Every structure is written in C-alpha cells, then in structure tokens.
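Some questions on how this chain packs are worked through below.

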Amino acid sequence: NIRQQRIAQGMPVASQTLHFVFTGNPGTGKTTVARILAKILYGFEILKTSNFIEADRAMMVGGYVGQTAIKASEVIAKATDGVLFIDEAYTLAKKGAHDFGQEAIDTLLKKMEDLRERLVVIVAGYPNEMAEFIKSNPGLESRFSRYIVFEDYHVADLCQIFELMCRSNAYELTPAARGNLAIILNRVFADR
C-alpha cells in the first residue's frame, strides 16, 4: 500500500523482487497458494492482471538447439503482468549430453530481470531437489529471495479434509468409519 501511495504521489520507490520458491511434497497446497497469491498481488495492484500461467519442463524445453529459448519466451510472454508458476522446476536443471534445460533457465533469468516489475515467478517442487536446483546457478540464488515451506498435513488435518469432502458430497461418516479413518491415516502418515 505504501509503495502504491508513493507511486501515486510521484515519489521514488525501491525496485522489488517478488519471486518465490515453494517447497513441499505433492498435495500440500503449493499450486493452490500460488493461484491465491496471483489474485492477492493483482488485488494490491502490484501486478496488472491476475494471470496465472502454470508451466513445466515440457512447455519450456525444446528438443533441439534454439527451440528452447523460443518455447520458454512464449510461456513467459503469456505470464507477463501476472504469475508464472513452474512446477517441478528442478527438472530444468537436468544434466545430459543433449539437454537444453539450461537454456530455459538462462532465458528465465534474463526475463526475470528485464520484467522485474511485470512478472512474478514461483518455482515449486520437492525440498531437496529444489535446494539443488537453486544451487545449480548463481543467478537463481540471487533472483529468488522468498522461500515458503509447505509441510505435510498431519493426521488431524487429513481427517478434517476427508470429512469436508464427505459433507460436500452428501456423505455422512459413522463413528466406526471415523475411527477407521483415523487408524488408516495414522498408518499413511507414518509411512509417508
């Protein structure tokens, strides 16, 4: 709000970088939170649109030299003035004889700088793999300053989610079913 007020008054504002790294296991809400974040940033007029473009390696990496920069640039252009969400971003840093993921990373880094005020990039994936991904390129370390860890749901949370899903579909759990659910989810949680 202060930033918007300063802009409205013609006052200088510091450049801001709003790129995020979301880490956590599948099903912990990373994509959902990224979508909500896009709406929040639009609502505060930090971004011009609530565009949310979800991308993965296949959308950004080509099969031959020169194709990757074009594919990555097209995806980034769609996300400009909004949020680009790259799930399993660590797959871009695969190393191989004929891998062009580094070209996608280089294109992304350049656009993140050029479009600093018009693009928010959120990369997401498993914690260990994302740590390796960020370390794989010094440019990534300097561009991503905000890290959010999505913890696994606990058994009580999973029970509540299951019961909400039942209610929303007009099912009712018996006390015995509720007890069995807790036992099953305890096992699943312990073996995760």
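Q: Leaving aside neighbours within four places in sequence, with which residues is V123 in contact?
A: The model is a predicted one. Contacts count here when heavy atoms come within 4.5 Å. With neighbours within four places in sequence set aside, V123 is in contact with F20, V21, F22, I86, A89, M130, F133 and F144.

Q: Which residues touch the most other members of the largest nonpolar core, and which element gives the most to this core?
A: This core has 30 residues, and L84, I86, V121, V123 and F133 touch the most other members. Two or more residues come from each of β2 (52–55), α4 (67–79), β3 (82–87), α5 (101–114), β4 (119–125) and α6 (127–135). The element that gives the most, with 5 residues, is α5.

Q: How many residues are in the other core, which lies apart from it?
A: Among the members of this other core are F22, A38, F52 and I122. Its number of residues is 15.

Q: Why do the buried residues of α2 lie on the same side?
A: In α2, K30, T31, A34, L37, A38 and L41 are buried. On the other side of α2, K39 and G43 are exposed. The cover over the buried residues includes β1 (20–24), β2, β3, β4 and β5 (146–150).

Q: How far apart are the end C-alpha atoms of helix α2?
A: Helix α2 has 14 residues (residues 30–43), so at 1.5 Å a residue it should span 20 Å. The distance between its end C-alpha atoms agrees with this, at 20 Å.

Methods:
Residues numbered from 1 in each chain as written. Predicted model: local features only at pLDDT ≥ 70, side-chain atom pairs only at ≥ 80, totals over all residues. Heavy atoms only, no water. Core = buried A, V, L, I, M, F, W, Y, C linked by side-chain atoms within 4.5 Å. Buried < 20%, exposed > 50% of the residue type's maximum accessible area, 1.4 Å probe, protein only. Helix = DSSP H or I, 4+ residues; strand = E, 2+ residues; numbered from the N terminus. Expected span 1.5 Å × (residues − 1).
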